[in-house]
Amino acid sequence: MLRSLFIKNYALIEEITVSFDSGLSIITGETGAGKSILLGALGLLLGERSTSDMIRSGAEKAIVEAEFDLIDYPHITRHLTDSEFEISDPTLIIRREINRKGTSRAFVNDSPASITSLKEVGELLVDLHGQHEHQSLLNSDRHISFLDEYASVSKQLEIYRGFYTEFNTLHSKYEKLIANREASEKERSFLEFQLQEIDGVNPKPNEDEEIEQHLKKLEHSEELQMVASQLHSILYDSDGSVFERLSAAKALVEKLRRFDESFATPLGEISTSLESIRELAHTAARYNEHIEADPAALDELRSRQVQINRLKKKYGPDLADVIALQERLKEQLGDGGSIDEQIKSIATQLSGLQQKASKAATELSETRKKTAKKFEKEIIAELSTLGIEQASFIVDSSTNEMATSDEFASAVLIKGKPIATNKNGIDKIEFLLSTNKGESPKPLAKVASGGEVSRIMLSIKTVLSASEQIPVLIFDEIDTGISGRIAQRVGTAMKKLARRHQLISITHLGQIAAFGDHHYIVEKSTKGAATTSQLRLLTQKEHEAEIARLLAGESVTDTSLKAARSLVEEAESLVT
């Protein structure tokens, strides 16, 4: 349950701290006093969108913080633990901060939390019903969620949704393959052409550089022979060659060494040089022997060079890029077989999922139909206590067969026919209502008035209260469109509902306020140029005076006070 609420610098609220208790808490106040601001702050705490406009003028940051006692709600404690939020005792503190830059921070028990996490936690803690929630009851798309909550089909729904989601994910892949079959085949043909072109040349790593080196030799073979021959002659094979003259120099150095040992080192150097010249001359001779003009080899290398350069231009720029592409193409074309084989494989999987989804959807639908009759009876009984005594309430269930030749158009086949599906199954659920005897039930949007919509919502919440595990219910002006005797019945229903949930209600009717276990008032005051809103708990005497104001207006008289006390006493007697 909600233990306390702290709001600072939010809209007209400068700073308030208010404690709450179990039972029915009533909030009243004049129009414009700030009741909607209070709900806005609560909504912010539960993950609603934030803007810097929410911050009080002159302040840099707005803060909303709530403390909850979860001692009677172990399922929420387990959820928080599974979500990796620290919770060592039944106390849970949620905090939201907004700064002038428009950014916000959220905390769950001092641990930073995303807005998504905040919403998930908020949905477990508080069910907040404002006027737009009441009107949303007219939207038939929401009706299935009310029936499912009553029928407790969460496990069945989870199983079905698993098959449904998996089927649709796979079906999207299947449709894409079908739609792109022709394009894929064209693409495959193009890839095969590329690979054939590269394989036809079959280049080797660094082959282009090796060819270039070979071409240089073949294209200049005559010049290379001549130069090698000249080099051998100068070094070794001619009169006055380098080797001959260096040999003569060695002989002179040897004579010098006989008389001066300092020439030993130069003598060694000359000997080494002679060996080097001899080896270089022999290398030139051997090189000359192996060089020969080969026009056929030259043409072959030039042709190979043209082929490789063509590949580099198309798939390069480097030969390494061409070879890398060759490997990728082999991998792509050799992976997974043809597109037809992929389509066949997925079709087999879809067929299996379709059978499983059909079974799960059928079982879910049967559970809903069995539960709907009991739900109808309980809603009719509640509507009767709320003043709609001749009501006829029907849970209309239908399915839509699809006209299609695609065997996998739907996740579900019923008797071999494709049925329209969504995440909730095959059923389309709509609540029908008749408020007068003899009239056939029609969709709520066509027959329900504002006051009736509020009472239908209260009836649904009352019927669901036994299974609903949300600690706090908040109703904003559930008294819309009702008054007098009907308002008293609504108050009685809310008081009974508050035995199972902590219930907070904003109201303008004294007949409903009289049922409150606790009564708060929202007041607006002006000090200088600043306007602030406050929320305070009323004493019993103030409680009766506020009910008298709701009954009579600003002029509270002894008569209106007496009427207020009478309402309080009557309220106590109705729910004892």
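Me: Which residues are linked in a network of salt bridges?
Reply: Lys61, Glu65, Arg95, Glu97 and Arg105 are linked in that network. A salt bridge here is a side-chain nitrogen of Lys or Arg within 4 Å of a carboxyl oxygen of Asp or Glu. The model is predicted, so local features need pLDDT of at least 70 and side-chain atom pairs count only at pLDDT 80 or more, while totals for chains, interfaces and linings use all residues. Residues are numbered from 1 along each chain as its sequence is written, and side-chain values use heavy atoms, with hydrogens and water left out.

Me: How many salt bridges does the count come to?
Reply: By this rule, 23.

Me: Back to Glu97 and Lys61. How far apart are N and O?
Reply: 3.8 Å. Glu97 is in strand β5 (residues 91–99) and Lys61 in strand β4, so the pair ties together parts 36 residues apart in sequence. Strands are DSSP runs of E, at least two residues, and helices are runs of H or I, at least four, numbered from the N terminus.

Me: Is Glu97 buried or exposed?
Reply: Buried, with a relative accessible area of 6%. Lys61 is partly exposed at 36%. Buried means under 20%, exposed over 50%, partly exposed in between (1.4 Å probe, protein chains only).

Me: New topic. Which salt bridge does Asp517 form?
Reply: Asp517 pairs with Lys495, the closest N and O atoms being 2.4 Å apart. Lys495 is in helix α17 (residues 484–497), and Asp517 is in the loop between α18 (510–513) and β16 (518–527), 22 residues apart.

Me: And is Lys495 buried or exposed?
Reply: Lys495 counts as buried, at 17% relative accessibility.
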